Amino acid sequence: MTNTSPLIADGTDAKADVAAERIVRHFQAQGFANITEALIIQIHLKKGSRAEVEAAFEEAHEQDKAPPLQQYFEIRPYGHFADFRSFAEAKSAIHSDFTLSLRNEIARVYFEPAPVVIEDALASGTKYDVIMKLRDNVNGYAVAILMNDPDASFLDYIGTHLGSDWQKIMGNLEFASAILGSEIDLH
């Protein structure tokens with residue numbers, strides 16, 4: 001089987017990069033001008049049932065430890081768009097920029113049906129504010145999008161943009177996710 005979506009020299013997928021840019025531009029067009037980065041990741045379950053994985057994540061959380069991501073999941077950056085850094089820079093900073101709050105929710109992102117939107121209200125700078133899953137898993141993979149607004153919390157906009165309709169924005173994103181699904185060939 002050949003991959004119809006060629007890899008770019010930096011290791012991202014050309015179609016996933018286009019999708020990441022479309023997602024950023026979508027939010028910018030909705031009035032979220034400071035959203036400048038989207039990192040698309042694939043999440044694959046290595047082993048375990050939902051109950052087993054959630055119990056392990058909960059136990060780690062109760063013990064104030066990092067969740068056992070590597071034990072249960074393979075997470076692969078797949079596509080990227082940013083106005084301020086390259087894929088290589090984002091990938092090298094993922095351990096610090098993919099916050100503990102968002103990592104603690106990977107089991108939820110993987111197992112729950114779409115849409116799933118989780119915010120880290122304390123994220124700042126280059127740290128990701130939101131992880132979104134806009135479509136259900138395909139071929140054993142979940143596709144999630146890490147979004148970054150270097151200046152503020154992503155969901156703070158909901159309260160500050162009078163007239164903004166979160167459900168309408170989510171509806172538009174669900175439409176955008178259909179485009180994303182057709183652009184990214186999971187393999």
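Predicted model: local features only at pLDDT ≥ 70, side-chain atom pairs only at ≥ 80, totals over all residues.
**Stop 1: the whole chain.** Start with a cartoon view of the protein chain. You'll find 9 helices and 5 strands. Trace the chain along its sequence and the elements come in the order α-β-α-α-β-α-α-α-α-β-β-β-α-α.

Stop 2: The protein chain exposes about 9000 Å², and 52% of that comes from carbon and sulfur atoms. How much of the chain is buried? Of its 187 residues, 45% are.

**Stop 3: the largest nonpolar core.** In soluble globular proteins, nonpolar side chains tend to be buried together. To see that idea here, select Ile43, Phe73 and Ile131: they have the most contacts inside the largest nonpolar core, which has 27 residues. Next, color the elements that each give two or more residues to this core: β1 (37–45), α2 (50–62), α3 (69–72), α4 (87–92), α7 (106–111), β3 (116–119) and β5 (141–148). Which one gives the most? That's α7, with 5 residues.

**Stop 4: around Ile131.** Zoom in on Ile131 and show its neighbors. Leaving out residues up to four places away in sequence, Ile131 touches Ile41, Phe98, Leu102, Ile106, Val109, Val116, Val117, Ile118, Ala144, Ile145 and Leu146.

**Stop 5: a second core.** Select Ala19, Ile35, Tyr78 and Met132. These are among the 18 residues of a second, separate core.

**Last stop: contacts along the sequence.** Take the contacts with a separation of 6 or more: 67% of them are between residues 24 or more positions apart.

Technical notes: Residues numbered from 1 in each chain as written. Heavy atoms only, no water. Core = buried A, V, L, I, M, F, W, Y, C linked by side-chain atoms within 4.5 Å. Buried < 20%, exposed > 50% of the residue type's maximum accessible area, 1.4 Å probe, protein only. Helix = DSSP H or I, 4+ residues; strand = E, 2+ residues; numbered from the N terminus. Contact = heavy atoms within 4.5 Å. Areas by Shrake-Rupley, 256 points an atom, 1.4 Å probe, with all protein chains shown as cover.
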